[in-house]
Amino acid sequence: MYHRSVLLTESVDALGIEGRMDGVYVDVTFGGGGHSREILARLGQKGRLIVFDQDEDALANVPEDKRITKIRSNFRFLENYIRYLGVGMVDGVIADLGVSSHQFDTAERGFSYRFDSPLDMRMNTLADLDAAQVVNTYTAEDLVRVLRDYGEVDAAGKVASAIVSARTKQRISTTQDLRDALERFFNSQTERKFLGKVFQSLRIEVNGEMRALEDLLEGCTRVLSDKGRLSVITYHSLEDRIVKNFFRKGKDDGTFEILTRKPVLPSGEEIEGNGRSRSAKLRYGERTRS
Ligand SMILES: C[S@@+](CC[C@H](N)C(=O)[O-])C[C@H]1O[C@@H](n2cnc3c(N)ncnc32)[C@H](O)[C@@H]1O
């Protein structure tokens with residue numbers, strides 16, 4: 001299976017498609033297409049679904065359906081594409097952030113410390129920056145920033161020093177090289193948590209995930225129609241904070257109504273069936289234009 005969708009019903013319910021069945025909706029993180037297929041099942045024949053993914057593997061899954069337009073691009077350019085396509089305003093945007101299981105479980109993509117593979121981690125395989133460049137060329141200060149801000153790695157300074165010291169002896173090219181450079185920071189009990197944080201921080205840096213999210217949210221303010229809905233699933237606290245603050249600011253300046261006072265979390269049953277849903281949080285809101 002390419003990817004098992006998280007909070008599928010809840011996040012698509014949030015779009016309120018039944019009220020605008022022939023509207024225009026955008027799934028900015030197509031992945032395995034679970035959310036898109038659910039949208040299509042609820043969408044009228046005159047409705048339209050625009051899907052984005054920056055990973056071409058994902059877009060190979062797009063079903064044949066005259067209502068779909070697929071775009072291989074970073075979702076930070078949402079507004080540009082909506083203008084280019086000439087669709088006017090859109091009625092709903094859904095974002096299910098982070099990586100898909102396919103990306104995570106494909107060894108050669110380098111997202112996981114479970115496999116020995118080149119340190120890549122690019123969602124967009126045409127992008128210039130990969131994880132090997134980050135660990136081999138960033139200054140110690142920049143590595144500390146990445147590890148601390150994006151992974152909440154304890155002792156980020158010491159971890160950064162260990163990377164700098166290892167790379168002076170030999171380039172760190174593979175996930176195994178990175179593990180070897182950091183072996184004194186974890187044991188078999190702490191490996192999953194420690195390496196999980198380090199790899200997450202590098203992935204966020206390589207893909208510019210926080211900046212892309214901020215640009216996406218800004219773009220949504222401009223492309224959503226009156227009462228258009230924005231539904232966002234996040235997987236770690238930094239992302240969730242950005243989304244929460246965006247909606248709060250929107251409430252204060254009158255551009256959004258918050259429809260989730262607290263985030264919607266997966267049920268115990270969903271977490272049991274899909275461990276990767278454990279950290280998911282769904283927030284949604286409605287664009288208000290006076
Ligand atoms: C968690 S998966 C989405 C899964 C999908 N909702 C499903 O049900 O199958 C996230 C997807 O978003 C894509 N993605 C993440 N950040 C992106 C960005 N800034 N621009 C475009 N695509 C992005 C990834 O390549 C990945 O395929």
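# Ligand shell, sheet and packed helices

Of the 24 residues around the ligand, those that come nearest are Ser-5, His-35, Asp-53, Phe-75 and Asp-96. A residue is near a molecule or strand if one of its heavy atoms lies within 4 Å of it. This is a predicted model, in which local features need pLDDT of at least 70 and side-chain atom pairs count only at pLDDT 80 or more, while totals for chains, interfaces and linings use all residues. Residues are numbered from 1 along each chain as its sequence is written, and side-chain values use heavy atoms, with hydrogens and water left out.

**Around the ligand**

- A polar side-chain atom of Asp-96 lies 2.8 Å from a nitrogen atom of the ligand.
- Phe-75 places a backbone N or O atom 2.8 Å from a ligand nitrogen atom.
- Gln-54 also has a backbone N or O atom by a nitrogen atom of the ligand, at 3.2 Å.
- The ligand has 610 Å² of accessible area on its own, and the protein covers 98% of it (Shrake-Rupley method, 1.4 Å probe).
- The shell holds seven nonpolar, 14 polar and three charged residues. Ala, Val, Leu, Ile, Met, Phe, Trp, Tyr, Cys and Pro count as nonpolar, Asp, Glu, Lys and Arg as charged, and the others, Gly among them, as polar.

**The sheet**

- Seven strands form an open sheet in the order 3-2-1-4-5-7-6, with mixed pairing. Strands (E, at least two residues) and helices (H or I, at least four) are DSSP runs, numbered from the N terminus. Two strands pair if DSSP finds at least two bridges between them.
- Strand 3 (68-72) and strand 6 (256-258) stand at the edges with a single partner strand each, so one side of each has no neighbour in the sheet.
- Strand 6 pairs with strand 7 (residues 281-287) in the antiparallel sense, over three bridges.
- Ile-258 stands opposite Gly-285 in strand 7.

**Helices on the sheet**

- Helix 4 (residues 78-85) packs on the sheet and touches strand 1 (24-27), strand 2 (48-53), strand 3 and strand 4 (90-96). Contact means heavy atoms within 4.5 Å.
- Helix 11 (residues 209-223) also packs on the sheet, touching strand 4, strand 5 (224-234), strand 6 and strand 7.

**Helix 4 against helix 11**

- The two helices pack at about 35°, with axes 8 Å apart. Axes are lines fitted to C-alpha atoms, for helices over the stretch in contact, and angles run from 0 to 180 degrees between N-to-C directions.
- Leu-78, Glu-79, Ile-82 and Arg-83 of helix 4 meet Leu-216, Gly-219, Cys-220, Arg-222 and Val-223 of helix 11.
- This contact has five nonpolar, one polar and three charged residues.

Notes:
A polar contact is a pair of N or O atoms within 3.5 Å; within protein, one must be able to donate a hydrogen and the other to accept it, and residues adjacent in sequence count only if both atoms are side-chain atoms.
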